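Here are my notes for your first read of this model. Keep the structure open and find each residue as it comes up.

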Amino acid sequence: MHIRKAVSTDAAELSSLLNEIILAGGTTALETPLSAAEFADWFIDGEFPLTCHVAEHDQSLVGFQSLSLYGDPPKGFADIATFARMTPRTAGVGTALFPATRAAAEEFGLELINATIRADNVSGLGYYAKMGFETYDQLVQVPLQDGTPVDRIKKRFRVGAGRHTISNA
């Protein structure tokens, strides 16, 4: 699996990947499919994205992970989003993407990465826990477009946690 930064020309393939997940329902807070242009704006080169990495496998994009500043988060915070192709499924996409995202967060000088996950997204909750994210808050009964209430679990990752710095003192 090859990890690289996303470029605008990836938007059509990535929006298709994301739209399949949106239409399947049950894992993402996103409920309306995105055009390629909307995808590029939201995740690659719009006002809010900081970085977006893609995972390539067998000449196709099998997932992506982004950091963004949508919603004006506190200084030093960014939101993460992670998506992997449903069919055909490729194991390990999120795990392969996270080191590049973490390195980008360090380069941007971020302190915390926030993940907001639907409480019914068991695989997403497990993934972020595996990557070292800790639960710190819960949004209770946030309504979906059809009015169905679904809790959101907020997890955070402390950038640089577990890394030792060497001082010249």
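1. Start with a definition. A salt bridge is a side-chain nitrogen of Lys or Arg within 4 Å of a carboxyl oxygen of Asp or Glu. Arg102 and Glu106 meet that rule, with their closest N and O atoms 3.7 Å apart. Bear in mind throughout that this is a predicted model.

2. Where do Arg102 and Glu106 lie? Both are in helix H3, residues 93–107. They are four residues apart, about one turn of the helix. An α-helix has 3.6 residues a turn, so residues three or four places apart point the same way. Is Arg102 buried or exposed? Arg102 counts as buried, at 16% relative accessibility. Glu106 is partly exposed, at 31%. The cut-off matters here: buried means under 20% relative accessible area.

3. How many salt bridges are there by this rule? The count is five. One of them joins Arg4 to Asp10, with the closest N and O atoms 2.8 Å apart. Arg4 is partly exposed, with a relative accessible area of 22%. Asp10 is buried, at 7% relative accessibility.

4. Next, look at Asp120 and Arg118. Their side chains meet in a salt bridge of 2.8 Å, N to O. Asp120 is partly exposed, at 38% relative accessible area. Arg118 counts as buried, at 7%. Elsewhere, salt bridges that share partners link Arg4, Asp10 and Glu56 into one network.

5. Now take Arg152, in strand S7, residues 149–158. Arg152 is buried, yet it has no salt bridge. Which side chain of opposite charge is nearest to Arg152? That is Glu31, 5.4 Å away. What Arg152 does have is a backbone oxygen close by: a polar atom of its side chain lies 3.0 Å from the backbone oxygen of Val150.

6. Check the surroundings of Arg152 too. Leaving out residues up to four places away in sequence, Arg152 touches several residues, including Ala29, Thr116, Ile117 and Arg118. Asp137, Gln138, Leu139 and Leu144 are also among them.

7. Turn to the nonpolar residues. In soluble globular proteins, nonpolar side chains tend to be buried together. The largest nonpolar core here has 18 residues. Those with the most contacts inside this core are Leu14, Leu18, Phe39, Phe43, Ile44, Phe64 and Phe83. Helices H1 (11–24) and H2 (36–45) each supply at least two residues of this core, as do strands S2 (49–57), S3 (60–68) and S4 (77–84). Which element gives the largest share? H1 does, with six residues.

8. Finish with H2. Its residues Phe39, Ala40, Phe43 and Ile44 are buried. Seen down the axis of H2, the buried residues fall within an arc of 110°, so they line one face of the helix. What do they pack against? The buried residues of H2 pack against H1, S2, S3 and S4. Follow Ile44 as an example. Not counting residues up to four places away in sequence, Ile44 touches Ala6, Val7, Ser8, Ala11, Leu14, Phe39 and Pro49.

Note on methods: Residues are numbered from 1 along each chain as its sequence is written. This is a predicted model: local features need pLDDT of at least 70, side-chain atom pairs count only at pLDDT 80 or more; totals for chains, interfaces and linings use all residues. Side-chain values use heavy atoms; hydrogens and water are left out. Buried means under 20% relative accessible area, exposed over 50%, partly exposed in between (1.4 Å probe, protein chains only). Lys and Arg count as positive and Asp and Glu as negative; His and the chain ends are not counted. A polar contact is a pair of N or O atoms within 3.5 Å; within protein, one must be able to donate a hydrogen and the other to accept it, and residues adjacent in sequence count only if both atoms are side-chain atoms. Contact means heavy atoms within 4.5 Å. A nonpolar core is a set of buried Ala, Val, Leu, Ile, Met, Phe, Trp, Tyr and Cys residues joined through side-chain atoms within 4.5 Å. The arc is that of the directions from the helix axis to the C-beta atoms.
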